[in-house]
Amino acid sequence: EIIGKWFGDFVSQKSKEIFIEKFPIFKKEGQLHCEVEMLHKNGSTLSIAFEGKIGNDNEGAFKQTHCILQDVTEQRKAEEALNISEVRYRRLFETAKDGIIILDADTGKILDVNPFLIDMLGYKKEEFIEKNIWDIGSLKDILASRENFFELQKEEYIRYEDLPLQAADGRTINVEFVSNVYLVNNKKVVQCNIRDISDRKKAESALFESESKYSNYIENAPDGVFVIDSKGRYIEVNRAASKITGYSKEELLEMNILDLTDEEFIDDCTMYFEELINTGSTSATLKYKRKDGLRRWWIINAVKISNERFIGFSSDITDRKEAEDSLFYLIYHDYLTGLYNRKYFDESIIRLDKEKYFPLSILIADINGVRLINDAFGYSEGDNLLRDTSKILQNRCHPGDVIARVGGDDFAILMPNTNNDEAYERLNGIINAFEEYNKNKKNRLYEINLSVGYATKSGPDEFIAETVKAADDYLRTRKLLNSKSYHNALIASMLTTVYEKSEETEEHSKRIAVLCMKIGEKLKLPQKNLGELELFSMLHDIGKVVIDDGILKKPGKLTDEEWVIMKTHSEVGYRITKSSADLETISEYILTHHERWDGRGYPNGLMGEDIPLLSRILAVSDSYDAMTEDRVYRKKMSDEEAIKEILLNSGTQFDPQVVSAFEKIIMEQNK
């Protein structure tokens with residue numbers, strides 16, 4: 001479909017015209033670097049970085065071009081998203097109704113100021129940029145020395161209630177000054193918000209001088225002004241307060257501060273009011289409820305004016321709060337599912353990696369076959385698959401959990417104060433929820449097939465990175481055993497060959513796996529080892545793929561030569577699994593699963609605890625299942641006879657600890 005075609009057939013019309021225009025230059029200069037829009041076979045358009053060089057023959061004549069094409073579509077999308085985010089931030093910065101200064105947190109140099117601050121103070125922007133904040137004339141009273149700036153670096157948050165600034169025309173402006181330190185591209189900056197409170201300060205001064213003077217200001221102030229008593233009851237309000245809340249003055253004078261506070265913020269409002277009573281001032285950002293039922297945000301600054309009276313100034317900041325929330329949402333949420341994204345998840349791991357959240361469990365889920373659904377039904381159906389998956393996972397979360405989409409088809413859940421057993425129950429609940437979804441799929445085009453892994457950090461001595469890796473390792477093991485997983489295809493084909501060549505059956509492997517898992521759980525193996533044990537149980541005889549059928553199915557006793565060949569299957573299985581990155585972790589168990597506790601096994605004659613524990617577990621399970629099934633060379637034993645034989649060989653062929661766990665499981669089953 002490609003060979004012999006013209007390159008221009010695979011690019012958009014716009015890129016085709018550019019390419020035709022640049023090709024003569026390409027031939028002349030011998031190389032070309034550009035970006036083109038290429039057309040994918042499925043109809044989508046890709047952004048491609050094109051790097052070409054001219055190949056010449058011995059006489060230097062043009063012969064052919066050598067081109068390298070790199071898909072940069074996702075990079076361009078990321079750059080576009082970043083540009084959008086930066087434009088939104090810049091718009092907020094440029095249109096804010098507070099003065100804003102951005103400082104280098106290490107040096108104190110001013111990096112940027114917004115138009116509102118320039119208008120407020122009357123200085124030019126050039127008089128601020130690259131100057132130290134303590135060197136700017138109008139700001140000397142804010143941070144009068146380097147020592148104060150270093151205090152800001154230490155505290156990372158400083159607020160000045162009332163500071164005088166001198167404008168360019170000599171006027172003194174009273175401002176409220178708040179500064180925060182945060183990271184931008186791994187570099188600390190300081191953001192200083194400066195609000196002109198000159199009018200408010202004049203009003204406060206007038207109120208403190210005489211109660212007779214403040215009534216007129218209260219009535220005409222642009223902000224909502226409330227006078228309350230020590231019980232929180234309104235005793236005076238202005239017109240702006242009525243406009244903000246939707247209640248008439250008469251209605252407000254029959255209410256108290258809690259009547260206007262959103263139910264979610266009652267406790268916060270009570271705390272701030274107690275602070276006002278105890279200290280004489282407070283500042284709070286709360287959600288309030290209007291008479292028409294709308295919930296909005298306001299900021300309240302209140303001071304004590306007498307033993308029984310307090311005055312508060314309220315400004316509606318809903319628009320600003322929503323802009324901040326929108327920016328936060330864009331930074332920390334996945335656009336498709338609405339879940340948290342990888343950035344938030346990684347930060348949450350650090351936040352929750354503390355003793356009060358232990359045991360901390362991590363669950364990782366991976367959808368199998370997303371690419372197939374995208375190819376078969378289109379990306380919109382693939383998006384629906386991701387949305388459905390996120391909803392089901394979200395419904396299985398508990399309060400306090402953090403659920404995120406951490407990759408294209410990968411999800412993760414942080415579960416604080418959840419031990420290993422509880423996490424395992426949660427995992428099974430998730431699997432059951434998806435099975436129920438698939439049963440009731442009706443008109444849907446596909447089933448959702450999920451591989452899930454988990455691990456638990458029990459205490460501070462464990463590293464969270466190891467817990468994440470353990471969950472991921474368990475997930476990889478589950479994917480290998482998942483019949484609908486791409487990773488299972490090779491394993492399934494090899495096992496099919498084993499089942500066809502010998503008397504081994506899939507049912508035999510599954511029974512051994514179930515019994516091994518029960519013994520492993522009885523011995524309280526870590527989840528990582530349980531996952532390896534299940535995979536090892538299914539694949540322990542994989543080396544028999546190379547053994548001759550005549551030996552595997554021989555009804556009588558094997559000759560010495562045949563027995564030597566038969567015993568090589570554990571080493572062959574070791575080499576097969578050792579060569580696969582996905583199976584390497586179980587290769588040592590496959591090599592040693594015919595070793596004996598007394599050292600008389602093969603291939604290396606290992607003894608006792610030198611034999612890996614998982615191999616010792618399989619030895620008991622495999623022997624029990626083999627004895628209770630018919631073989632071409634003998635009839636099966638009864639369960640009682642097989643159990644007696646296992647117990648009889650405890651301490652010789654089998655590990656006594658494993659036999660003890662096996663015996664307890666059998667006794668529990670027979671109750």
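This is a short tour of one protein model, from the overall picture down to a few contacts.

Keep in mind that the model is predicted. Start with the whole chain. The protein has 671 residues, and 44% of them are buried. It holds 26 helices and 17 strands.

Is I413 buried or exposed? Its relative accessibility is 2%, so I413 counts as buried; the cut-off for buried is under 20%. Which residues does I413 touch, once neighbours within four places in sequence are set aside? The list is F345, S361, I362, L363, C397, D401, V402, I403 and I430. Here is a distance to check on screen. From I413 to A365 is 8.5 Å, C-alpha to C-alpha, with 48 residues of sequence separation.

I430 is a contact of I413, and helix α15 spans residues 420–439. Its partner here is helix α14, residues 379–395. The two axes come within 10 Å and cross at roughly 135°. That angle makes α14 and α15 oblique to each other, because oblique takes in what is neither roughly perpendicular, 65 to 115 degrees, nor roughly antiparallel, over 145. The crossing of α14 and α15 is right-handed. From α14 come D388, T389, I392 and L393; from α15 come I430, A433, F434 and Y437. By type, this α14–α15 contact has six nonpolar residues, one polar and one charged.

Next helix pair: α19, residues 527–539, and α24, residues 613–627. These axes also come within 10 Å, and the crossing angle is roughly 45°. So α19 and α24 are oblique too. α19 passes α24 in a right-handed crossing. Who meets whom? On the α19 side, N529, E532, L533, F536 and S537; on the α24 side, L614, S615, I617 and L618. That contact divides into five nonpolar residues, three polar and one charged.

Last stop, a hairpin. Strand β9 is residues 224–228 and strand β10 is residues 234–237. They run antiparallel, joined by three bridges. V227 stands opposite E236 of β10. Five residues lie between the two strands. Which turn residue has a positive phi? That is G232, at about 85°.

Definitions and conventions. Residues are numbered from 1 along each chain as its sequence is written. This is a predicted model: local features need pLDDT of at least 70, side-chain atom pairs count only at pLDDT 80 or more; totals for chains, interfaces and linings use all residues. Side-chain values use heavy atoms; hydrogens and water are left out. Axes are lines fitted to C-alpha atoms, for helices over the stretch in contact, and angles run from 0 to 180 degrees between N-to-C directions. Helices (H or I, at least four residues) and strands (E, at least two) are DSSP runs, numbered from the N terminus. Angles under 35 degrees count as roughly parallel, over 145 as roughly antiparallel, 65 to 115 as roughly perpendicular and the rest as oblique. A crossing is left-handed if the near helix is turned anticlockwise from the far one by less than a right angle, and right-handed if clockwise. Contact means heavy atoms within 4.5 Å. Ala, Val, Leu, Ile, Met, Phe, Trp, Tyr, Cys and Pro count as nonpolar, Asp, Glu, Lys and Arg as charged, and the others, Gly among them, as polar. Buried means under 20% relative accessible area, exposed over 50%, partly exposed in between (1.4 Å probe, protein chains only). Two strands pair if DSSP finds at least two bridges between them.
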